[in-house]
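Trainee: I've got a model open and I'd like to learn how to read its sheet and one of its loops. Can we walk through it together?

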Amino acid sequence: MSRRLALALIAAVPLGAPAAIVHAATLPFATGKLSIGGEAFSPAEVMDARALPDINGKVGIMLTLTPEAAKRLEGISGALVGKPLLIALDGKTLAAELVRKPIRDGVIELPGRWSLTDGEALVRRISGRDP
């Protein structure tokens, strides 16, 4: 790639632009099929995904959705108050947490169940990017 083309590509994405504007074709990692409450969410709808160690040495996952996806999640979680919200990747359940109130901020925290290596691999499969 020429230096001029590389600079043009860098200039095309403004600093501080949300990660969601990155198209799936340009994601550095292969992604899986994320399902939240039975509805599919694309990697472009995941603004941030992180593997976070907890006090017990296990690693949980925090997903932050784009504003549009957060609105969808609010509707889904609102309909499931008092019931479990199933979160799955490629058809395998990651979590099924009881919904106490609608999730309005677009942030989902999955409790620590993984090693750091496994947690980071999962967030790469969810978002297509490094945590």
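This is a predicted model: local features need pLDDT of at least 70, side-chain atom pairs count only at pLDDT 80 or more; totals for chains, interfaces and linings use all residues.

Trainee: What holds strands of a sheet together in general?

Mentor: Strands pair through backbone hydrogen bonds, and the pairing can be parallel or antiparallel. In the case here, Val46 stands opposite Leu65 in strand 4.

Trainee: In what order do the three strands of the open sheet come?

Mentor: The order is 3-4-7, with antiparallel pairing. Strand 3 (46-53) and strand 7 (107-114) are the edges, each pairing on one side only. On average, neighbouring strands are turned by 15 degrees against each other, direction ignored.

Trainee: Which strands does helix 3 lie across?

Mentor: Helix 3 (residues 116-127) lies across strand 3, strand 4 and strand 7, and runs at about 175 degrees to strand 3.

Trainee: Now the loop. Where does Glu45 lie?

Mentor: Glu45 lies in the loop between strand 2 (39-41) and strand 3.

Trainee: Does Glu45 count as buried or exposed, and why?

Mentor: Buried, because its relative accessibility is 19%, and the cut-off for buried is under 20%.

Trainee: What does the side chain of Glu45 reach?

Mentor: The backbone nitrogen of Ser42, at 2.8 Å. Leaving out residues up to four places away in sequence, Glu45 touches Ala40, Thr64, Leu65, Thr66, Ala69 and Arg72. One of those, Leu65, is the residue standing opposite Val46.

Technical notes. Residues are numbered from 1 along each chain as its sequence is written. Side-chain values use heavy atoms; hydrogens and water are left out. Two strands pair if DSSP finds at least two bridges between them. Helices (H or I, at least four residues) and strands (E, at least two) are DSSP runs, numbered from the N terminus. Axes are lines fitted to C-alpha atoms, for helices over the stretch in contact, and angles run from 0 to 180 degrees between N-to-C directions. Contact means heavy atoms within 4.5 Å. Buried means under 20% relative accessible area, exposed over 50%, partly exposed in between (1.4 Å probe, protein chains only). A polar contact is a pair of N or O atoms within 3.5 Å; within protein, one must be able to donate a hydrogen and the other to accept it, and residues adjacent in sequence count only if both atoms are side-chain atoms.
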